Amino acid sequence: VNAFADEVRNYVWVEDLVEVIEELTSLPAEDRATAPRLLHCGGPDALTRVDMAELVLAARGLTRTYTGADGQELPRIVPTPRSTVSLGYEAPLCIRFESKKVEYFLGRPFRSMKKCIPENLERL
């Protein structure tokens, strides 16, 4: 699998985002007027796609390499610079969000991919 090694993001577990939406949509009408209008939702860890792929490999108990049909050791993840891929649009290599406002609203921090991936392996 080719994966970007130089593009950093703060991945958010989708169930955390669902919880944010549920909380916002369940607010009483009088509280909606004072609810935050813009909430940045970024997870606690700055990770590349290579990091994410390695978390899945580790959770599945797989090594970073495998033996190919010809007997050679081959990488399961091939770190790839994003500059080698045309996205068709401009995008910065590092996008990180601070989520203190939404975490305060939720009453807890967003969960780490390092924790969520192993805990939810059967669903991946």
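**Entry 1: Arg123 and Glu15**

I started with Arg123, which forms a salt bridge with Glu15, their closest N and O atoms being 2.3 Å apart. This pair links distant parts of the chain: Arg123 sits in the segment after α5 and Glu15 in helix α1, 108 residues apart. I kept in mind that I am looking at a predicted model.

Next I asked myself: is Glu15 buried, partly exposed or exposed? Glu15 counts as partly exposed, at 32% relative accessibility.

**Entry 2: Arg111**

I stayed with Glu15 and found that Arg111 forms a salt bridge with it too, with 3.9 Å between the closest N and O atoms. Arg111 belongs to the loop between α4 and α5 while Glu15 belongs to helix α1, so this pair ties together parts that are 96 residues apart in sequence. I noted Arg111 as partly exposed, with a relative accessible area of 27%.

**Entry 3: Arg108 and Asp16**

I then looked up Arg108, which forms a salt bridge with Asp16; the closest N and O atoms are 2.7 Å apart. Here the loop between α4 and α5 supplies Arg108 and helix α1 supplies Asp16, so the pair ties together parts that are 92 residues apart in sequence.

How accessible is Asp16? I read 0% relative accessibility for Asp16, so it counts as buried.

For the model, I have a count of 10 salt bridges.

**Entry 4: Ser112**

I moved on to Ser112, in the loop between α4 (100-106) and α5 (113-119). Ser112 is buried, with 17% relative accessibility. I traced its side chain to the backbone nitrogen of Lys114, at 3.0 Å. Beyond neighbours within four places in sequence, I found Ser112 in contact with Pro44 and Asp45.

**Entry 5: Asn10**

Asn10 lies in the loop between β2 (8-9) and α1 (14-25), and I have it as buried, at 9% relative accessibility.

What does the Asn10 side chain reach with its polar atoms? I found one polar atom 2.8 Å from the backbone oxygen of Gly43, and a distance of 3.4 Å from a polar atom to the backbone nitrogen of Phe97.

Technical notes
Residues numbered from 1 in each chain as written. Predicted model: local features only at pLDDT ≥ 70, side-chain atom pairs only at ≥ 80, totals over all residues. Heavy atoms only, no water. Helix = DSSP H or I, 4+ residues; strand = E, 2+ residues; numbered from the N terminus. Buried < 20%, exposed > 50% of the residue type's maximum accessible area, 1.4 Å probe, protein only. Polar contact = N/O pair within 3.5 Å; in protein donor to acceptor, adjacent residues only side chain to side chain. Contact = heavy atoms within 4.5 Å. Salt bridge = Lys/Arg side-chain N within 4 Å of Asp/Glu carboxyl O.
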